[in-house]
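Q: Please take a close look at one part of this structure. Then show me what surrounds another part, in short steps.

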Amino acid sequence: MADVPVLEVRDVSKSYGHVEALRGVNFTVHTGEVVALIGDNGAGKSTLTKIISGTTQADTGEVLIDGSPVTIDSPLVARDLGIETVYQDLALAPSLDTPANLFLGRELLRGGFLGRLGILDKKAMRLEANEVYRRFGVDMRNSGLPVGSLSGGQRQSVAVARAVAWPSRIVILDEPTAALGVAQTASVIRLVRQIRDAGRAVVLITHNMQQVLEVADRAEVLRLGSRVAQFRIADATVNLLVAAMTGGLDEGPAAAGPVDGQAPEVTGG
């Protein structure tokens with residue numbers, strides 16, 4: 001793993017009126033790594049995600065890609081930088097089939113005169129979509145079905161596949177297994193591993209601590225707008241994760257010295 005993170009957030013703060021959503025937060029993720037971003041409701045996870053994905057701008061602090069500061073002032077800029085975000089509501093078009101959803105906003109046009117008329121090349125999009133599904137092990141036997149007719153796990157897989165179908169380097173997954181069954185959850189977790197193994201950086205936002213232990217390499221914990229702990233997953237337990245989220249490490253024996261001048265690093269269970 002390279003020493004320079006593919007994505008780094010330094011001392012980022014964000015307020016909405018008198019409410020401090022983020023207070024000097026630091027966060028990193030490296031290529032080929034799954035980092036779980038965890039915390040209770042109101043911890044600041046959504047605000048940090050919006051800053052990274054360009055839908056919200058920080059009041060102070062900076063975001064760096066490969067060690068260089070960048071300005072992410074729109075989702076299009078984030079996309080150009082290789083950042084793709086899969087939100088909890090998936091943002092799919094239920095009446096369109098899976099290739100149309102995969103190419104939403106990036107549609108392929110027919111060649112020549114038909115292309116100038118705006119006629120879509122549906123065959124090319126279907127073939128390329130099927131190749132993406134094959135490459136990442138997504139079970140999509142009939143890609144011509146409307147997305148609205150698919151199971152929850154299949155819809156989630158389409159949304160994740162859309163994020164990795166393009167030259168993305170950083171994939172942010174917001175609660176990717178919420179409301180899914182056991183088999184569907186296992187399929188999505190397998191897809192997360194495949195994304196990591198393909199050399200992408202993955203930021204996983206979830207309330208499921210068992211999933212954090214199962215798929216993440218590290219966890220960074222937000223609480224009340226501040227990063228309060230970092231964990232190597234090999235050394236973490238569900239109890240330690242929950243304690244960090246709820247403030248149980250503030251005076252506990254597991255709390256260690258400062259990391260980046262801010263948060264304790266927990267190295268043992």
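**A strand, then a helix**

A: In this predicted model, K14 lies over the face of Y16, 5.3 Å from the ring centre. Both residues belong to strand β1, which covers residues 7-16.

Strand β1 has two partners. Strand β2 (residues 19-29) pairs with β1 in the antiparallel sense, over seven bridges. Strand β4 (residues 60-65) also pairs with β1 in the antiparallel sense, here over five bridges. V9 shows both pairings. Its partner in β4 is V63, and in β2 V9 stands opposite F27. In a regular strand, side chains alternate between the two faces of the sheet.

β1 and β2 also form a hairpin, with two residues between the strands.

Now turn to helix α6, residues 152-164.

α6 is mostly covered, with 10 of its 13 residues buried. Among them are G153, Q156 and R162, as well as V158, V160 and V164. The buried residues pack against two strands, β6 (83-86) and β7 (170-174). They also pack against the helices α3 (98-102), α5 (122-135) and α7 (182-197). An α-helix has 3.6 residues a turn, so residues three or four places apart point the same way.

The largest nonpolar core has 49 residues, and V212 and F231 touch the most other members. α6 gives the largest share of this core, six residues. Another core of 25 residues lies apart from it, and V6, V12, L48 and I172 are among its members. In soluble globular proteins, nonpolar side chains tend to be buried together.

Last, the rings. A search of the whole structure finds one aromatic pair. The rings are those of F103 and W166, with centres 5.2 Å apart and planes at 85 degrees, so the pair is edge-to-face. The pair links distant parts of the chain, 63 residues apart. F103 sits in the loop between α3 and α4 (112-116), while W166 sits in the loop between α6 and β7. F103 counts as buried because its relative accessibility is 1%, under the 20% limit. W166 is buried too, with a relative accessible area of 15%.

Terms used
Residues are numbered from 1 along each chain as its sequence is written. This is a predicted model: local features need pLDDT of at least 70, side-chain atom pairs count only at pLDDT 80 or more; totals for chains, interfaces and linings use all residues. Side-chain values use heavy atoms; hydrogens and water are left out. Helices (H or I, at least four residues) and strands (E, at least two) are DSSP runs, numbered from the N terminus. The expected span of a helix is 1.5 Å times one less than its number of residues. Buried means under 20% relative accessible area, exposed over 50%, partly exposed in between (1.4 Å probe, protein chains only). Contact means heavy atoms within 4.5 Å. A nonpolar core is a set of buried Ala, Val, Leu, Ile, Met, Phe, Trp, Tyr and Cys residues joined through side-chain atoms within 4.5 Å. Rings of Phe, Tyr and Trp (its six-membered ring) pair if their centres lie within 6.5 Å; planes under 30 degrees apart count as stacked, over 60 as edge-to-face and the rest as tilted. A charge sits over a ring if NZ of Lys or CZ of Arg is within 6 Å of the ring centre and within 35 degrees of the ring normal. Two strands pair if DSSP finds at least two bridges between them.
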